[in-house]
Amino acid sequence: MTTPQDVIKMVKENDVKFVDFRFTDTRGKEQHVGVPISHFDESKFEEGHAFDGSSIAGWKGIQASDMLLMPDADTAYIDPFFDEPTLVLTCDVVEPADGKGYDRDPRSIAKRAEAYLKSSGIGDTAFFGPEPEFFIFDSIEWKTDMSGTYSKISSEEAPWSSDDKSEGGNAGHRPAVKGGYFPVPPVDRLNDIRAAMCLALESLGVPVEVHHHEVATAGQCEIGTKFSTLVKRADWTQIQKYVIHNVAYQYGKTATFMPKPIVGDNGSGMHVHQSIWKDGQNLFAGNGYAGLSEMALYYIGGIIKHARALNAITNPLINSYKRLVPHFEAPVKLAYSAKNRSASIRVPHVASTKARRIETRFPDPGANPYLCFAALLMAGLDGIQNKIHPGEPADKNLYDLPPEEDAKIPTVCHSLDQALEALDQDREFLTRGGVFSNDWIDAYIALKMEEVTKLRMAVHPLEFELYYSI
């Protein structure tokens, strides 16, 4: 564990000029405020840094805006992108009145979820391993105003660039639609960028296990990083997004975690691996189906039971549901399987009982990692506490079932407003132990409904194609 004294030592050794306090808002975007080193010392770890919480979307009203950023010494790293030597500290958002984590602060919610697991007696540690996919484009353009709308993706890798008159000539090597997994360069043009991202991540203490091109054309990639405990793994996910965005930017490219930027090709998911441990033992390992314990099956049962409410948090964008469409290789079927990637919960094949885990496949990288992991844990714990069995595994291809069988398997939500409605109706499991509050859920639904309403009122170009000559 890094102590405040260690941080002060890092400041001196690296001739740090600024300290950057970072926190994550409800939507999952990191925010920051910089402090010159002349105004930073050990007292910041005790007293925090005051800021105005009223300007953060979905947070406090103007009448009660004073909040504190409480830095976590264990998260300290030197920023690799700033010109001036800058030390970064991830912060909890704290209420000055009582010193407790703010009700709507995602990192504080994640900490309460970890505390609830311990207090339940079920386990003492929850491990999470997310796999966020992303796209790297050459450039992106869009316009939305009263005159009309358009968006345009530019990518040398894309099949639609086959007739481009590029400077220096068109090399012609590029992945086809759904052909990106995973030919060597020059078809994969992004190896060097991914390598730079991996080295940056490792330098910041995020262990990298693998990197590769993903299935979709036009620059879909994945960098696999190591699992860790819930809050730490969410911190690492935020670092991962920051590094990927900024390395792409340095290379004159643009990276996005938007789940479905391209029509007609694979979207980006964020499969989340999970297990619960106690006293150094993996409680998900057993002698049941695929080497799982009864507890692991109950955990799966909880996720399946609450999946539609979870969707509001694990798939929080309108765009999320452009990916979650049946029969297009998306994990929409609420079933579990060891072999079947069409099921929304998979049991990865592993040699060791220590690695036994479950993988929830419907989340996407638009999710706020603190909220996503906390909500998945709360659903799983409800399954364990109430012995919710998930039924028989689905070892058939769920995309090709006869209609009468297909109708029996539940699915995830098909839209954000449907997910928000499900969250409104099925929220009690999240509020146990004060992890999520009803006030937070109400504010979250209101914030996301603003997005739903905005899109409902927007006219899509496809509507002209369908209806202009009606």
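This is a predicted model: local features need pLDDT of at least 70, side-chain atom pairs count only at pLDDT 80 or more; totals for chains, interfaces and linings use all residues.
Student: Where do I start? Which residues have the most contacts inside the largest nonpolar core?

Tutor: They are F128, Y299, I303, L377, L430 and F436, in a core of 66 residues.

Student: Which helix gives the most to this core?

Tutor: Helix α9, residues 369-385, with 12 residues. In soluble globular proteins, nonpolar side chains tend to be buried together.

Student: What is L430 in contact with, leaving aside its neighbours within four places in sequence?

Tutor: L430 is in contact with I313, A375, M378, L423, V435, F436 and I441.

Student: How many residues are in the other core?

Tutor: That core, which lies apart from the largest one, has 25 residues, among them Y77, F81, C198 and A248.

Student: New topic, rings. How many aromatic pairs are there?

Tutor: A search of the whole structure finds 17 aromatic pairs. One of them is F127 with W277, an edge-to-face pair with 5.6 Å centre to centre and 90 degrees between the planes.

Student: Why does that pair tie together parts that are apart in sequence?

Tutor: F127 lies in strand β7 (residues 125-137) and W277 lies in strand β14 (residues 270-278), so the pair ties together parts that are 150 residues apart in sequence.

Student: Are F127 and W277 buried or exposed?

Tutor: Both F127 and W277 are buried. Another pair is F134 with F257, which is tilted, at 5.6 Å centre to centre and 45 degrees between the planes. F134 is in strand β7 and F257 is in the loop between β13 and β14, 123 residues apart. F134 and F257 are buried as well.

Student: Which residues form an aromatic cluster?

Tutor: F23, F51, W59 and Y102 form one.

Student: Ok, charges now. How many salt bridges does the count come to?

Tutor: The count comes to 23 salt bridges. In one of them, the side chains of E451 and R27 meet at 3.1 Å, N to O. E451 lies in helix α13 (residues 438-457) and R27 in the loop between β1 and β2, so the pair ties together parts that are 424 residues apart in sequence.

Student: What about the side chains of R107 and D92?

Tutor: They meet in a salt bridge of 2.8 Å, N to O. R107 lies in helix α3 and D92 in strand β6, so this pair ties together parts that are 15 residues apart in sequence.

Student: Why does R107 count as buried?

Tutor: Because its relative accessible area is 3%, and buried means under 20%. D92 is buried too, with 10%.

Student: Last one, the surface. Which residues make the nonpolar patch?

Tutor: L462, L466, Y467 and I470 make a nonpolar surface patch of about 480 Å². Y467 is found in helix α14, residues 461-467.

Student: How exposed is Y467?

Tutor: Y467 is partly exposed, with a relative accessible area of 47%.

Definitions and conventions:
Residues are numbered from 1 along each chain as its sequence is written. Side-chain values use heavy atoms; hydrogens and water are left out. Patches are made of residues with over 30% relative accessible area and no salt bridge: like charges are joined within 9 Å, nonpolar side chains (Val, Leu, Ile, Met, Phe, Trp, Tyr) within 5 Å. Accessible areas come from the Shrake-Rupley method with a 1.4 Å probe; for residues, only the protein chains shown count as cover. A salt bridge is a side-chain nitrogen of Lys or Arg within 4 Å of a carboxyl oxygen of Asp or Glu. Helices (H or I, at least four residues) and strands (E, at least two) are DSSP runs, numbered from the N terminus. Buried means under 20% relative accessible area, exposed over 50%, partly exposed in between (1.4 Å probe, protein chains only). A nonpolar core is a set of buried Ala, Val, Leu, Ile, Met, Phe, Trp, Tyr and Cys residues joined through side-chain atoms within 4.5 Å. Contact means heavy atoms within 4.5 Å. Rings of Phe, Tyr and Trp (its six-membered ring) pair if their centres lie within 6.5 Å; planes under 30 degrees apart count as stacked, over 60 as edge-to-face and the rest as tilted.
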